[in-house]
Amino acid sequence: MLTELPPLGLYIHLPWCERKCPYCDFNSHEAQVIPEQAYIQALLQDLDGELARAQGRQLSSLFIGGGTPSLFSAAAIATLMAGISARLPLAKHFEATMEANPGSAEADKFAGFRAAGINRLSLGVQSFNDAQLQALGRVHSAAQAHAAIAMAGRAGFDNLNIDLMHGLPGQQSERGLDDIRSALSYQPTHLSWYQLTIEPNTLFHKRPPTLPVEDTLAAIQEGGEDILVAAGLSAYEVSAWSLPGRECRHNLNYWSFGDYLAIGAGAHGKITWPDGRIERYAKRKQPKEYMQAQAGAFTGSQRWLSAEDLPGEYMMNALRLAEGTELQAFTQRTGLSLETIEAPLAALSQRGLIEIVDGKLRCSAVGWRFLDTVVAEFF
């Protein structure tokens, strides 16, 4: 049985962008004009309906993703943040992250975001090389990326994530490593560093670009890891590196099978109820349909996780973490006994894909590279 409810976060989706990137499979929509006021009003009305799911808990973290949230004005974000704090209690060390694109970076706007209560910025740089940015279909240049990082610092953001991709079309290993060196020259607290993958329903899937060969990918991965470790960052999750104590608390809550409310077009949430039931839900995906929804009608889909779902759902998240998970946390977050997962634990341990030490479960070095294979054993 569950003994207590997990921490609670809030995810907010702002779905518009200046141009849809050819690799992007997120719920994002190109727009010349954004209906800011109508959308913020819809978000706060949506949040009113989420208060029952919050069950009186305080928010430990907030993440505003997109789309390109930085296309919104500082005034709109201030209205949103004020509306949140008026409806829900915030934790003492509340983390509020917002994604931003260098192409929409403005000094006054960044300062306004910080004044509104955003205390962690995540910049979608992807590369510091103009040719690579063009190949990715990004709307910003390398110069704008450098300028945006400088603006973030001047605006008071001392907790900064830089988003980088590698394995880009035509990318050679040294160019991939140069991106890491450029990012580290700004001494960010956090780096999201991941390989480009071709996803269904994207332009790259319809017209695949020429990607680096395996030897080049391996050289970037291994060389990049060495550079990051030497700079004092550690990989605490599959694609996330940070300085000690600067891990993204909102994402840690995801991977620890915590709870999170969701507002905004296409936003996904997960909530644990006092009787032990666990709910996953998603909001209406199309922005126009979402904004036209009446109170109580923002949710587009909802399901309850079964006892058979829970081991896979939990491990799909927890085993992304380098340090893994306390075995007892599995019971605390799912309400299931450890006997439920004895068979997959034994099978994976025998194959050398997981390690269990002092009551803590984690992937081995090999298991982490084949995480999908490991997680599949629990479904």
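## Residues 2-237

In this predicted model, the end C-alpha atoms of residues 2-237 lie 26 Å apart. An unreviewed UniProt entry annotates residues 2-237 as "domain: Radical SAM core".

Strand 17 covers residues 360-363. L361 and C363 form its covered face; K360 and R362 form the uncovered one.

Strand 16 (residues 354-357) pairs with strand 17 in the antiparallel sense, over four bridges. Within that pairing, I354 has C363 as its bridge partner.

## Salt bridges

The whole structure holds 17 salt bridges. In one of them, R320 meets E237, with the closest N and O atoms 2.3 Å apart. This pair links distant parts of the chain, 83 residues apart: R320 lies in the loop between helix 11 (310-318) and strand 15, E237 in strand 9 (residues 234-237). E237 is buried at 1% relative accessible area, whereas R320 is partly exposed at 26%.

D275 and R277 form another salt bridge, at 2.8 Å from N to O. D275 is partly exposed at 48% relative accessibility, and R277 is partly exposed at 39%.

E377 pairs with R351, the closest N and O atoms being 3.3 Å apart. E377 follows helix 15 (371-376), and R351 is in the loop between helix 13 (342-350) and strand 16. They are 26 residues apart.

Definitions and conventions:
Residues numbered from 1 in each chain as written. Predicted model: local features only at pLDDT ≥ 70, side-chain atom pairs only at ≥ 80, totals over all residues. Heavy atoms only, no water. UniProt positions renumbered as here; feature names shortened; annotations may be inferred. Helix = DSSP H or I, 4+ residues; strand = E, 2+ residues; numbered from the N terminus. Buried < 20%, exposed > 50% of the residue type's maximum accessible area, 1.4 Å probe, protein only. Pairing = 2+ DSSP bridges. Salt bridge = Lys/Arg side-chain N within 4 Å of Asp/Glu carboxyl O.
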